[in-house]
Amino acid sequence: MAAPQVRLAGSIFAAPIDGRERVWTSLRTAGGITDTLRFTHESTATDRSYLEWELEALGQRFWGVTVLTLDDSGLIDNVAIHHRPLGGVLAFSAELGRRLGNSLGPDVFYEPPHGS
C-alpha cells in the first residue's frame, strides 16, 4: 500500500509525480504501454526493496530497476523507476506524455522536437 504523499520519480519523468492518485494514474498508463514485464531479481532491506526487471514495449526491449522506499509505518512513500537504454526511455516518456498530456502537471514527460 502506498502512502497518500507517495512520490514517483525516474528516468522516464522530467519531474517527479506526487500523490497516490497521480502515481497510480501514471503506473496504470505505463502498464497499458507495456507488452511484457518480467522481474528478474529482488533484494530487500528493512526500509526498501529493489526489483530488477526486463520489459518489452513500443517494439523495444528495456532493462531497469525499481526501488520502493517505505515510511515508518511500512507504506511505500517513494518509488524510483529507472529504465535503459536512453532511446527507449525517451520514446516511453513521450508516449506517456501523449496519453496523459498535462493531467499530471506540466513538463512531466519528454517532448520530442517538433517535426520529428
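Biologist: Is G88 buried or exposed in this model?

Modeller: The model is a predicted one. G88 lies in helix α2, which covers residues 86–100. Buried means under 20% relative accessible area. Because the relative accessibility of G88 is 1%, the residue counts as buried.

Biologist: Is T29 buried or exposed?

Modeller: T29 is placed in helix α1. The cut-off for buried is under 20% relative accessible area. T29 has a relative accessibility of 16%, and therefore it counts as buried.

Biologist: Which residue has its backbone oxygen 2.8 Å from a polar atom of the T29 side chain?

Modeller: T29 touches L96, R99 and L100 when residues up to four places away in sequence are not counted. The backbone oxygen in question lies 2.8 Å from a polar atom of the T29 side chain, and it belongs to T25.

Biologist: Which element gives the most to the lining of the largest pocket?

Modeller: The largest pocket holds about 340 Å³ of space. Its lining takes at least two residues from each of α1 (20–33), β3 (34–45), β4 (48–57), β5 (60–70) and β6 (76–84). With four residues, the element that gives the most is α1.

Biologist: How many charged residues are in the lining of the largest pocket?

Modeller: The lining is made up of 18 residues, and L27, L37, L55, T66 and I81 lie nearest the centre of the pocket. By class, 13 residues of the lining are nonpolar and five are polar, while the number of charged residues is none.

Biologist: What is the volume of the second largest pocket?

Modeller: The residues that line this pocket include A94, G97 and R98, and also P106, D107 and V108. For the second largest pocket, the volume is about 160 Å³.

Biologist: How many residues of the lining of the second largest pocket are charged?

Modeller: Among the residues of this lining are R98, D107 and E111. Arg, Asp and Glu count as charged. The lining divides into six nonpolar and three polar residues, and the charged ones number three.

Conventions:
Residues numbered from 1 in each chain as written. Predicted model: local features only at pLDDT ≥ 70, side-chain atom pairs only at ≥ 80, totals over all residues. Heavy atoms only, no water. Buried < 20%, exposed > 50% of the residue type's maximum accessible area, 1.4 Å probe, protein only. 1 Å grid on protein atoms, 1.4 Å probe; cavity = no way out; pocket = protein on both sides within 12 Å on 5 of 7 lines; lining within 4 Å. Points joined across faces, edges and corners; volume = space filled by probe spheres on them. Polar contact = N/O pair within 3.5 Å; in protein donor to acceptor, adjacent residues only side chain to side chain. Contact = heavy atoms within 4.5 Å.
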